[in-house]
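This report describes the fold of a single protein chain and then looks at several of its residues in turn.

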Amino acid sequence: TFQTFKIAEQAFAGFTGNRDSLQPAEIQIPTVTYFVTVVADGGSNYYRFDGGSSNAETLELIEGTVYLFSQQNASNAGHPLRFSTTSNGTHNSGTEYTTGVTTFGTPGQAGSYTRIQVATGAPTLYYYCSAHPGMGGQANTPAATTTASTSGSQAQYRYEGPPQVV
């Protein structure tokens, strides 16, 4: 179990213990969940997100962010969502993009998902169905913007070692 706590920088004055056991606090990684449905429109199937009405909409997947594409809706059965650097993926001589991507379960069943943590410098991606052509769209991968802030003279640390008596 990890406990997060703050130590004022002044508290380190004269500290002679094992300072290596103190590490910066965990960085909280933003997570965005999309609920995926598959709809038939004009004789073709398309992915839609969060109940939207756009077929194969263009997504913005920010570098460093985790995106969970929930595929548990029954309409996803037989339509595994995957990523590629080529439009329409393997149906257009592309390959599956797997950097930071994990999948779980069977689309259309409870708990199934495709998850991606967008890497720094990731190329423009395309989401597609690995079983059927023409269902997906583009996923832009813009760089994240960050801001840093400090609270007075405090630094935040996470201790990863056995209890120590000082």
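Strands are DSSP runs of E with at least two residues, numbered from the N terminus. With that numbering, P123 sits in the loop between β9 and β10. The model discussed here is predicted.

**Overall make-up**

The protein chain has 12 strands and 0 helices. Its pattern along the sequence is accordingly written β-β-β-β-β-β-β-β-β-β-β-β. Of its 166 residues, 31% count as buried. The accessible surface of the chain is about 9800 Å², and carbon and sulfur atoms account for 49% of this area. Among contacts between residues at least 6 apart in sequence, 67% link residues at least 24 apart.

**Sheet**

Four strands make up an open sheet in the order β5-β11-β10-β7, and the pairing is mixed. The edges are formed by β5 (59–60) and β7, each of which pairs on one side only. Strands β7 and β10 run antiparallel and are joined by 4 bridges. On the β10 side, Y128 is the bridge partner of R82. Strands of a sheet pair through backbone hydrogen bonds, either parallel or antiparallel.

**Nonpolar core**

The largest nonpolar core contains 22 residues, and Y47, F49, L61, F69, F83 and I116 have the most contacts inside it. Two or more core residues come from each of β3 (31–41), β4 (44–49), β6 (66–70), β7 (81–84) and β10 (125–129). In soluble globular proteins, nonpolar side chains tend to be buried together.

What does I116 touch, leaving aside its neighbours within four places in sequence? The contacts of I116 are T65, V66, Y67, F69, F83, Y97, T99, G100, V101 and L125. Two of these, F69 and F83, are also listed with I116 among the residues with the most contacts inside the core.

**Salt bridges**

The structure holds 2 salt bridges. Side chains of opposite charge can pair when their charged atoms come close. The two pairs are set out below.

| Pair | N to O distance | Relative accessible area |
|---|---|---|
| D41 and R48 | 3.8 Å | D41 36%, R48 16% |
| R82 and E96 | 3.7 Å | R82 18%, E96 36% |

In the D41 pair, D41 is partly exposed at 36% relative accessible area, whereas R48 is buried at 16%. The other salt bridge joins the side chains of R82 and E96. Because R82 lies in strand β7 and E96 in the loop between β7 and β8, this pair ties together parts that are 14 residues apart in sequence. R82 counts as buried at 18% relative accessibility, and E96 is partly exposed at 36%. Buried here means under 20% relative accessible area, so the 18% of R82 falls within that class.

**Surroundings of R48**

R48 belongs to strand β4. Besides its salt bridge with D41, R48 has a polar contact of 2.8 Å with N55, made between the two side chains. Not counting residues up to four places away in sequence, R48 touches F35, V36, T37, V39, D41, S53, S54 and N55.

S112 is in the loop between β8 (101–104) and β9 (113–117). Is S112 buried or exposed? With a relative accessible area of 2%, S112 is buried. A polar atom of its side chain lies 2.9 Å from the backbone oxygen of Q109. Leaving aside neighbours within four places in sequence, S112 is in contact with F69, S70, Q71, Q72, F104, G105, T106 and P107. One of these, F69, is also listed among the contacts of I116.

**Surroundings of P123**

P123, in the loop between β9 and β10, counts as partly exposed at 34% relative accessibility. Which residues is P123 in contact with, leaving aside its neighbours within four places in sequence? They are T85, Y97 and T141. P123 and T85 are 38 residues apart along the chain, and their C-alpha atoms are separated by 6.9 Å. Y97 is listed both as a contact of P123 and as a contact of I116.

Key
Residues are numbered from 1 along each chain as its sequence is written. This is a predicted model: local features need pLDDT of at least 70, side-chain atom pairs count only at pLDDT 80 or more; totals for chains, interfaces and linings use all residues. Side-chain values use heavy atoms; hydrogens and water are left out. A nonpolar core is a set of buried Ala, Val, Leu, Ile, Met, Phe, Trp, Tyr and Cys residues joined through side-chain atoms within 4.5 Å. Buried means under 20% relative accessible area, exposed over 50%, partly exposed in between (1.4 Å probe, protein chains only). Contact means heavy atoms within 4.5 Å. Accessible areas come from the Shrake-Rupley method with a 1.4 Å probe; for residues, only the protein chains shown count as cover. Two strands pair if DSSP finds at least two bridges between them. A polar contact is a pair of N or O atoms within 3.5 Å; within protein, one must be able to donate a hydrogen and the other to accept it, and residues adjacent in sequence count only if both atoms are side-chain atoms. A salt bridge is a side-chain nitrogen of Lys or Arg within 4 Å of a carboxyl oxygen of Asp or Glu.
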